[in-house]
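Please consult the sequence and the structure shown below while reading.

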Amino acid sequence: IVYVTVGLSEHGKGKLENFQKAIARVPEVRECHVVTGQYEFFLRVEVENLESYKDFHTNVLAAIPNVSSIVSNIVLESSKDLRA
């Protein structure tokens with residue numbers, strides 16, 4: 001599991017919707033949230049391993065137009081997770 005914050009270079013309504021449409025087609029992205037703060041989106045990404053995430057980061061997420069920043073937080077261990 002990787003939690004990813006994504007920043008866009010342009011912030012208009014159409015730009016946000018374009019990103020959301022692109023992410024909706026990506027099976028690795030299990031959750032996508034529009035958030036306040038420094039970044040526009042907060043994602044929960046599930047992949048098999050670090051190599052799979054590297055491929056996702058480079059060939060999927062970074063390839064979406066208007067993405068200007070990606071910050072990845074890789075889960076090492078979960079002491080509490082109430083999702084079913």
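Is E46 buried, partly exposed or exposed? E46 is partly exposed, with a relative accessible area of 34%; buried means under 20%, exposed over 50%, and partly exposed in between (1.4 Å probe, protein chains only). The model is predicted, so local features need pLDDT of at least 70 and side-chain atom pairs pLDDT 80 or more, while totals for chains, interfaces and linings use all residues. Residues are numbered from 1 along each chain as its sequence is written, and side-chain values use heavy atoms, without hydrogens and water.

**Salt bridges**

A salt bridge is a side-chain nitrogen of Lys or Arg within 4 Å of a carboxyl oxygen of Asp or Glu. The count comes to six, among them the following pairs.

| Pair | Closest N to O |
|---|---|
| K13 and E17 | 3.9 Å |
| R44 and E31 | 2.8 Å |

R44 is buried at 7% relative accessibility, whereas E31 is partly exposed at 25%. A network of salt bridges links E31, R44, E46, D81 and R83. K13 is exposed, with a relative accessible area of 63%, and E17 is partly exposed at 33%.

**Nonpolar core**

A nonpolar core is a set of buried Ala, Val, Leu, Ile, Met, Phe, Trp, Tyr and Cys residues joined through side-chain atoms within 4.5 Å. The largest one has 17 residues, and V4, V6, F19, L43, V45 and L61 have the most contacts inside it. Beyond its neighbours within four places in sequence, V6 is in contact (heavy atoms within 4.5 Å) with residues including F19, L43 and L61.
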